[in-house]
Amino acid sequence: VPMVAPGNVQVHVINSTLAKVHWDPVPLKTVRGHLQGYKVYYWKVQSLSRRSRRHVEKKILTFRGNKTFGMLPGLEPYSSYKLNVRVVNGKGEGPASPDKVFNTPEGVPSSPSFLKITNPTLDSLTLEWGSPTHPNGVLTSYTLKFQPINNTHELGPLVEIRIPANESSLILKNLNYSTRYKFYFNAQTSVGSGSQITEEAVTIMDE
């Protein structure tokens, strides 16, 4: 098997889900056989928003021939990763380069995990929601938009409300009685808005 590990391993983080890794080629005489390529082993150490460590699944990408760089796609935003590089010949893999640590930046969050509308009165509705399963960063706020829908399914004016990230419920007051409303709800990180969840609810006709 090859004798030495690739040197000077560098990681360039391109965005929250993509990084580029490059390395110096090993001297050909240390390959001790036919150079088939290089393997990059990489794995997520932890999420930076939740400090939970979980079962580490190592991923392997093979770059054929004498390539000295490669792309690592499909990374999780706002996470800490480690990687190392090994050279491969027809017999097997050489030793691993020292582990290199890199962090991915924040991304936009997934949609809130649920949106529930309860306690209808003549002029109010109560909204409850769950935070995104994948915050992909530090949540900065939620955005609620809503508008009335009339009997012919036409949409009325859209109202927008910014809600602090630490809230999980809201009572909407001063609504029209016996009116159907459509709600659009999403979460934000400093990078931008995540995908929204939609719901409809009706205020009651009379007490």
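This is a predicted model: local features need pLDDT of at least 70, side-chain atom pairs count only at pLDDT 80 or more; totals for chains, interfaces and linings use all residues.
Buried area is the accessible area that two parts lose on being put together, summed over both.

The protein is divided into domain 1, residues 7–104, and domain 2, residues 112–202. Between them, these domains bury about 390 Å², and 53% of that area is on carbon and sulfur atoms. On the domain 1 side, Arg 50, Pro 77 and Tyr 78 lose the most area to domain 2, together making up 79% of what that side buries. How many residues take part in the contact? Four residues of domain 1 are in contact with six residues of domain 2. The C-alpha centres of the two domains lie 42 Å apart.

What about charged or polar links across the boundary? By class, the side of domain 1 that touches domain 2 has two nonpolar residues, one polar and one charged.

**Salt bridges**

The model has five salt bridges. Here are some of them, with the distance between N and O atoms:

| Pair | N to O distance |
|---|---|
| Lys 39 and Glu 93 | 3.1 Å |
| Arg 86 and Glu 93 | 3.7 Å |
| Lys 116 and Glu 128 | 3.6 Å |

Lys 116 is partly exposed at 41% relative accessibility, and Glu 128 is partly exposed at 27%. Elsewhere, salt bridges that share partners join Lys 39, Arg 86 and Glu 93 into one network. Is Arg 86 buried or exposed? Arg 86 counts as buried because its relative accessibility is 17%, and buried means under 20%. Glu 93, with a relative accessible area of 25%, is partly exposed.

**A closer look at Ser 80**

Where does Ser 80 sit? This residue belongs to strand S6, which covers residues 79–89. Ser 80 has a relative accessible area of 10%, so it is buried. Its side chain and that of Asn 103 are joined by a polar contact of 3.1 Å. Leaving out residues up to four places away in sequence, Ser 80 touches several others, among them Trp 43, Leu 48, Val 101 and Phe 102.

Methods. Residues are numbered from 1 along each chain as its sequence is written. Side-chain values use heavy atoms; hydrogens and water are left out. Helices (H or I, at least four residues) and strands (E, at least two) are DSSP runs, numbered from the N terminus. Buried means under 20% relative accessible area, exposed over 50%, partly exposed in between (1.4 Å probe, protein chains only). A polar contact is a pair of N or O atoms within 3.5 Å; within protein, one must be able to donate a hydrogen and the other to accept it, and residues adjacent in sequence count only if both atoms are side-chain atoms. Contact means heavy atoms within 4.5 Å. Domain bounds come from an automatic or database domain assignment. Buried area is the accessible area (1.4 Å probe) that two parts lose on being put together, summed over both. Ala, Val, Leu, Ile, Met, Phe, Trp, Tyr, Cys and Pro count as nonpolar, Asp, Glu, Lys and Arg as charged, and the others, Gly among them, as polar. A salt bridge is a side-chain nitrogen of Lys or Arg within 4 Å of a carboxyl oxygen of Asp or Glu.
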